[in-house]
Amino acid sequence: MTKSNFTRRGLLKTSAIAGAGVALPTIFTAQSAHAFTNEPTGSSVTLGFNVPQSGPYADEGADELRAYELAVEHLNGGGDGGMMNTFSSKALQGNGILGKEVKYVTGDTQTKSDAARASAKSMIEKDGAIMITGGSSSGVAVAVQALCQEAGVIFMAGLTHSNDTTGKDRKANGFRHFFNSYMSGAALAPVLAANYGTDRKAYHLTADYNWGYTTEEAVKASTEAMGWETVAAVKTPLTQTDFSSYIAPVLQSGADTLVLNHYGGNMVNSLTNAVQFGLRDKQVNGKDFQIIVPLYSRLMAKGAGANVKGIFGSTNWHWSLTDEGSQAFVKSFGTKYGFPPSQAAHTTYVQALLYADAVERAGSFAPCAVAEALEDFEFDGMGNGKTLYRGADHQCFKDVLVVKGKENPDSEFDLLEVVEVTPVDQVMYSPDHPQMGGAEATLGTCNNGA
Amino acid sequence: MEAIILQILNGLDKGSAYALIALGLTLIFGTLGVVNFAHGALFMIGAFCAVTLSRLISLSHEVAVEGKVDFLGNPATESVPYIYDWFGRATGDAIIDWAVPLSILFAIPVMMLIGVIMERGLIKHFYNRPHADQILVTFGLAIVLQEIIKYYYGANPIPTPAPDAFRGSFDFGAAMGFDPNTIIYPYWRLVYFAFAAVIIGAVFAFLQFTTFGMVVRAGMADRETVGLLGINIDRRFTIMFGLAAAVAGLAGVMYTPINSPNYHMGMDFLVLSFVVVVVGGMGSLPGAVLAGFLLGILESFASMGAVLEVLPGLNQIIIYLVAIIILLTRPRGLMGRKGVMED
Amino acid sequence: MLGLNKKDFRLLMIVLGLTMLAPFILNPFPSSSGLAQFNAGYPDLMQRFVIFGIFAIGFNILFGLTGYLSFGHAAFLGVGSYGAMWMMKLFSLNVIPAIIMGVIVAGIFAVAVGYVSLRRSGIYFSILTLAFAQMSYALAYSVLTPITGGETGLQIKSTDSPLLSNLAEGEIGRANLFGMDMRASYEMAVGDWLFTFNAGYYIAAVFMLISFYLAIRIFRSPFGTMLRAVKSNQTRMYYTGLNARPYTLAAFVISGMYAGLAGGLLVAMDTQVGPERMFWTASGEVVLMTILGGAGTLIGPVLGAGAIKYMENILSKINKDILHQWFAFLPDGLEDFIITLVYPFIGKGWHLTLGLIFMAVVIFLPGGLVEGGQRIKRLFSRKKKPGDDEADKASQSTPAE
């Protein structure tokens, strides 16, 4: 019996034996034919874009997919080249990856780890994808990352903000460009101190699952470090839609600041409810009551409407940034689709380009070679300033944006304004930081599959 | 003390939402004997009636703005609602501001129509089919309806704020002699509560005091006999379905300022409303209302920080836990009738 | 043969043939053709077909025979998965103990849930089971995170070292059957076709065949008759001095164990488990699979499971690019027009197609897909003696109400 764990079916498409029909069964010996899983042997290479297309994050997924399509176009030499022109590494030529035309397959994660893995597996087993990327939640990112580790392909995470993805669940084959809970906390705290003072009493509402836990921990730690007191931290069910019973008691607790560790629909609803209760018009302890949303996205801001005005949060990237890379990206995305990209679109576009560039520099599609090329890679011109892909945990370190809901938006996309670009040094941490799984967390060894 | 009063208030408000949805569901259960998994979708469509109307009245045309550019550097345009052109800016703004209450007028005929079409076109053929078939077909319909909404409105929630007059909250604490700010409650939620009470009252009055209602109630009890008496019960049941759809739709319209509507809000409420109906007891309208308020209040208490410190995770399961306890101690829920949906 | 009558034996043989030859049957289109998109003969999906087939067969033993509609069956699948996962993490990477553990854990949980829920019938029973499943989901997602891994679920990690294994430092364990990797495959290329024979799939298929065989035996046994009696008239049973509870509880537990087996197999094939496996939509899915295929029939649930999983995995992967490839031969305007028509139903719109199919099947084929098959069969065998039809019907045991 020949063992080949994941096979390059696409191989057939290119090296197909002409004259189909009665040819005798041929046996592929994986070990001799492929050095690694799904080694591309024809004139093209297939990438797997695994994004939520149904469920609550479908719009975010759609934006990710647009960015991927744009990235493929640029990699194959089409369009205006976008951030390829501003990217500090010049390995990409616009002739595909290593001269092979870039093709892609898409799948629906449904924001469920089972469905995401099924979709990723079909890309690997059926379509011969050499790299999987995308996703809009940490549950999915961790599950698919583990799958890619087993299968021996590279996983370039999409939107995932939990510490765990590159913390306790980090994997040698997985890479994350997006920032994380720790960075949000570290970036927000100084801005909050500057704007709201150092003697505030905070009340946390936290989504009752992993991402919520890590975000609460991070924000608590960094705000307490500058003198804030945490009055209470209440967990709310993921499936909650009406947060009134959690928000009503906030004022009674004597807290003067509400931190909403919620994302997506949870955040839209809890923020809307909090504003409804008139919390922001109140005065407690002689201070104006304030609300904070650690992780912001433009789509969420859109869902919450006018309620976001003046509320602080952090974000990975925003289209209004004026650096060369961001502008190039906004221009080519906007020209193609008619509206500015979201942070999800940005991070996935960058991930696709970073992967392609790493392959070019490594001169090979072999996951271990690509991983080595990505590890401790320093680059610039991708919209977040100088960035380091740290080798110890496969997390990107870059400037983090602290944003605020805009008071007078110019358009339906102009909802957030950048308050401060927190320099990367301020959000740096050691790979064995306790919030990141401590000393126990390990990448393991990289897996080429086959 | 303040905390408890506050949570009772909260519970009443939550409960009114549950009761309103469960009421429509149990009307269909009770009158037609149909398990309608598309009821959540009707609630969602009601909410999107509000979204649609507010989009319709703020329909606008593009006007170039001098000296401004959009994000790509092209000359910027500004959208000016047609309504400004017709009524002037101030009146136009007021109309747009009142979009949600106005949607009630819009939603009633739309939802009635949808309900009647649903009943005549689909549900009618399933009266004598097994419940499992009813579940499959209405669940399929629910998926189709929400996918259509998703296709046109996207998956992201759409903010639909209440009129400015209802912004902010009322300070019960100050009014009742407690410290100010301890018991505050948003005006719109109070409106929602009152609205739910009126609707529930109206439905009861309608069934209790009109001939139509009497016939329907008789039909609920014994459809065959009522039919034998020469009364066209089918037509009345169609109207009842339309009515139930309208109740669900109105619940949706009024809910939009509380939570921004999205295409799957119906599914989020579906399971919960089934639990409410069953806990209340099959075929009982008062039971559904009572169960709605009971579960709403208990859910509110379970979300208090002090409770969660003792029993972490209680807020996650409270509704189901209560449902199990009630169903085990009272075989047919709070006020269920014998033999309804028991086999 | 095997204690089955001729008809049942023939059905079993057909299922045996279909599962064994699945890699061929599910891969009808050459890899280079545009239609290869519709091929389902890759290991992961084939595994899912048989595993969810088992899940649905088990569900049907409860629902098809007794008429008790459980709306929380996914909970048993979920706890079975968690049980199997912990077995692999702690005891052995061999899938057999893991699967056995999955079945046992699910069985115990089913005894507890069934004992309580079966005190009520009809929709009250459905809501009780739903309540238990939703509580399991909610707790697994949140406060039980230390055991269940919460949102991110459980995977096998390089730090896990099961008792009966000798993994190298930092090596990630793999599910195996006495050393044979679940992901090992034998590939056969014939012309432009590539057929994959996956070890994991065949192991799952064997489990499915055994489950199917047991289901036939249960359907045909006195126990099965008793269960049908519960469905048709429970009161009358009481009057004849029979207590239905032990029978229904047995059926509930058996069906819960089937779900646990499916859960264990899911973990064995793909070492991952997350709480959304227990969400009410997952419970609803198995109900839909069973009704879609034909509740109360033997083969129906398997067909229903296959149909839903096929749509979920194949339809959702068709994107606009692929449509453009397919319709490239048309003139531009027409191409765009057709694509605009088709696009809402595929890719991100696959749910819409699913909903429409549910409606179409239940409206036009009240007995589910099985009835569709019977109608086609009747269409082609008009010439047969009229008596045959009746015999066919009898062999397919009555569809559930």
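# A guided tour of chains A, B and C

Begin by selecting chain C, whose pLDDT (the predictor's confidence in each residue, from 0 to 100) averages 88, with 95% of the residues scoring at least 70. This is a predicted model, in which local features need pLDDT of at least 70, side-chain atom pairs count only at pLDDT 80 or more, and totals for chains, interfaces and linings use all residues. Residues are numbered from 1 along each chain as its sequence is written, while chains are lettered from A and ligands numbered from 1 in the order in which they are written. The model scores ipTM 0.90 and pTM 0.91.

**Chain C as a whole**

Display chain C as a cartoon: it has 18 helices and six strands. Helices (H or I, at least four residues) and strands (E, at least two) are DSSP runs, numbered from the N terminus. Along the principal axes, the C-alpha atoms of chain C fill a box of roughly 75 × 70 × 40 Å. The radius of gyration, taken over C-alpha atoms, is compared with a globule rule of 2.2 Å times the number of residues to the power 0.38. For 401 residues this rule gives a value near 21 Å for a compact globule, and the 22 Å of chain C agrees.

Of these 401 residues, 55% count as buried. A residue is buried if 20 or more other C-beta atoms lie within 10 Å of its own, exposed if 12 or fewer, and partly exposed in between, with C-beta atoms placed from the backbone. Two residues are in contact if their C-beta atoms, placed from the backbone, lie within 7 Å. Among contacts in chain C between residues at least 6 apart in sequence, 74% join residues at least 24 apart.

**Confidence along chain C**

Colour chain C by pLDDT. Next select residues 385-401 of chain C, where pLDDT stays under 50 and the model has 26 contacts beyond four places in sequence. Where pLDDT is low, the predicted coordinates should not be read in detail.

Select I108(C), which lies in helix α5 (residues 95-117) of chain C. I108(C) counts as partly exposed because 16 other C-beta atoms lie within 10 Å.

Now select F178(C), in the loop between β2 (176-177) and β3 (180-181) of chain C. Its phi is near 45 degrees, a positive value in a residue other than glycine. Is F178(C) buried or exposed? F178(C) counts as exposed, since it has 7 C-beta neighbours inside 10 Å.

**From chain C to chain A**

Show chain A beside chain C: 55 residues of chain A are in contact with 46 residues of chain C. On chain A, the elements that each supply at least two residues of this side include β3 (101-108), α4 (113-125) and α5 (138-151). The largest share, eight residues, comes from α5(A). By class, this side of chain A has 20 nonpolar, 19 polar and 16 charged residues; Ala, Val, Leu, Ile, Met, Phe, Trp, Tyr, Cys and Pro count as nonpolar, Asp, Glu, Lys and Arg as charged, and the others, Gly among them, as polar.

Select Q110(A), in the loop between β3 and α4 of chain A. Q110(A) has a positive phi of about 55 degrees although it is not a glycine. With 26 other C-beta atoms within 10 Å, Q110(A) is buried. Continue to α4(A), where 13 of its 13 residues are buried.

Select chain B, which averages a pLDDT of 88, with 99% of the residues scoring at least 70. The contact between chains A and B takes 39 residues from chain B and 40 residues from chain A. On chain B, the largest share of the side that touches chain A, seven residues, comes from α1(B).

End at the largest nonpolar core, which has 373 residues. A nonpolar core is a set of buried Ala, Val, Leu, Ile, Met, Phe, Trp, Tyr and Cys residues joined through C-beta atoms within 7 Å. Those with the most contacts inside this core are L23(B), V247(B), V275(B), F55(C), I127(C) and A262(C). Which residues surround L23(B) in contact? Leaving aside its neighbours within four places in sequence, L23(B) is in contact with I200(B), V203(B), V247(B), L285(B), A288(B) and V289(B).
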